[in-house]
Amino acid sequence: MATTNLSLYDTDSIPDASGFRFGLVVSEWNPEITQKLYEGAVETLLRHGAKPGNIISVQVPGSFELIWGCKQLLEKNDLDAVIAIGNVIRGETEHFTFVCEGVTQGIKDLNIKYSAPTIFCVLTDNNKQQSVDRSGGKHGNKGVECAVAAIKMAELKSKQ
C-alpha cells in the first residue's frame, strides 16, 4: 500500500523535457483509471517542457497488449522514452497473476532490447478503490510519477 503521494516530487530536480520525444501506450480496459493516469502523465510531461507534438499516444485493448503497443512505438518512432499505462484489478481467478506477470516480464524485455526505456505505469491492485486512490485519489497519480521517471530516463539516455 502506498504510503506517500505519488504526485509529489521536487520539480526543481526534473530536467527540461523540451528536446525529448515520448510515447504513451494506454490500455482501454478500466478507462476510468487509465485515462486519469494518462492525463497525469501528459500534464507532467508538458509542465516540464515537452512539446505536444513530441508526445505520441496510442491505445490498446488491455494491459497484456501494452507490450506489443510499446514495441511498435519503439520500432517506428525515434523516442526517448515510452510509458506503458494500464490497470489490472484482482478478480476471482488466476487471470490477474498471469496478466501481471506477463506484462511485467514483457516490459522488462523491452527495456533489455531497446535503447529507449519503457516505464511501467501499470496499477496492479487488489480492488478498484486502490486503483482510484493511485490514479488521482488520496495517494496521488502514478501517471505523474511515471512521467517524472520517463523524463529522468530520457535525460540519462541522452548522456550515453
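This is a predicted model: local features need pLDDT of at least 70, side-chain atom pairs count only at pLDDT 80 or more; totals for chains, interfaces and linings use all residues.
Student: What do they pack against?
Tutor: The buried residues of α2 pack against β1, β2, β3, α3 and β4.

Student: Now the largest nonpolar core. How many residues does it have, and which ones touch the most other members?
Tutor: There are 25 residues in the largest nonpolar core. Those touching the most other members are Phe22, Leu24, Leu45, Ile83 and Ile85.

Student: Which elements supply at least two residues of this core?
Tutor: Strands β1 (22-27), β3 (81-89) and β4 (118-125) each do, and so do helices α1 and α5 (142-158).

Student: And where does the largest share come from?
Tutor: From α5, which gives 6 residues to this core.

Student: Which residues does the second core include?
Tutor: The second core is separate and has 20 residues, and Leu66, Leu74, Val82 and Ala84 are included in it. Leu66 and Leu74 are also on the list of buried residues in α2.

Student: Back to Phe22. Is it buried or exposed?
Tutor: Phe22 has a relative accessible area of 0%, so it is buried.

Student: What is Phe22 in contact with, apart from its neighbours within four places in sequence?
Tutor: With those left aside, its contacts are Ala17, Leu45, Ala50, Asn54, Ile55, Ile56, Leu79, Ala81, Ala150, Ile151 and Ala154.

Student: How many aromatic pairs does the structure hold?
Tutor: The structure holds 1 aromatic pair. Its partners are Phe20 and Phe22, with 6.3 Å centre to centre and 80 degrees between the planes, an edge-to-face arrangement.

Student: Why does Phe20 count as buried?
Tutor: Phe20 counts as buried because its relative accessibility is 8%, and the cut-off is under 20%.

Student: New topic. What is the volume of the largest pocket?
Tutor: The largest pocket has a volume of about 280 Å³.

Student: Which residues lie nearest its centre?
Tutor: Trp29, Asn87, Val88, His95 and Val99 lie nearest the centre of the largest pocket, out of 15 lining residues. β3 and α3 (95-113) each supply at least two residues of that lining.

Student: How many of the lining residues are nonpolar, polar and charged?
Tutor: The lining has 7 nonpolar, 7 polar and 1 charged residues.

Student: What about the loops? Where is Asn30, for instance?
Tutor: Asn30 is in the loop between β1 and α1, and is buried, with a relative accessible area of 14%. The phi of Asn30 is near 60 degrees, which is a positive value in a residue other than glycine.

Student: And Thr93, buried or exposed?
Tutor: Thr93 is exposed, since its relative accessible area is 53% and exposed means over 50%. Thr93 is in the loop between β3 and α3.

Student: Last one: where is Pro15, and what is Pro15 in contact with?
Tutor: Pro15 is in the segment before β1. Leaving aside neighbours within four places in sequence, Pro15 has contacts with His48, Ile151, Lys152 and Glu155. Pro15 is buried, at a relative accessible area of 17%.

Terms used:
Residues are numbered from 1 along each chain as its sequence is written. Side-chain values use heavy atoms; hydrogens and water are left out. A nonpolar core is a set of buried Ala, Val, Leu, Ile, Met, Phe, Trp, Tyr and Cys residues joined through side-chain atoms within 4.5 Å. Buried means under 20% relative accessible area, exposed over 50%, partly exposed in between (1.4 Å probe, protein chains only). Helices (H or I, at least four residues) and strands (E, at least two) are DSSP runs, numbered from the N terminus. Contact means heavy atoms within 4.5 Å. On a 1 Å grid over the protein atoms alone, a cavity is a set of points where a 1.4 Å probe fits but cannot get out, and a pocket is an open set with protein on both sides within 12 Å along at least five of seven lines; lining residues have an atom within 4 Å of a point. Grid points are joined across faces, edges and corners, and a volume is the space filled by probe spheres set on the points. Ala, Val, Leu, Ile, Met, Phe, Trp, Tyr, Cys and Pro count as nonpolar, Asp, Glu, Lys and Arg as charged, and the others, Gly among them, as polar. Rings of Phe, Tyr and Trp (its six-membered ring) pair if their centres lie within 6.5 Å; planes under 30 degrees apart count as stacked, over 60 as edge-to-face and the rest as tilted.
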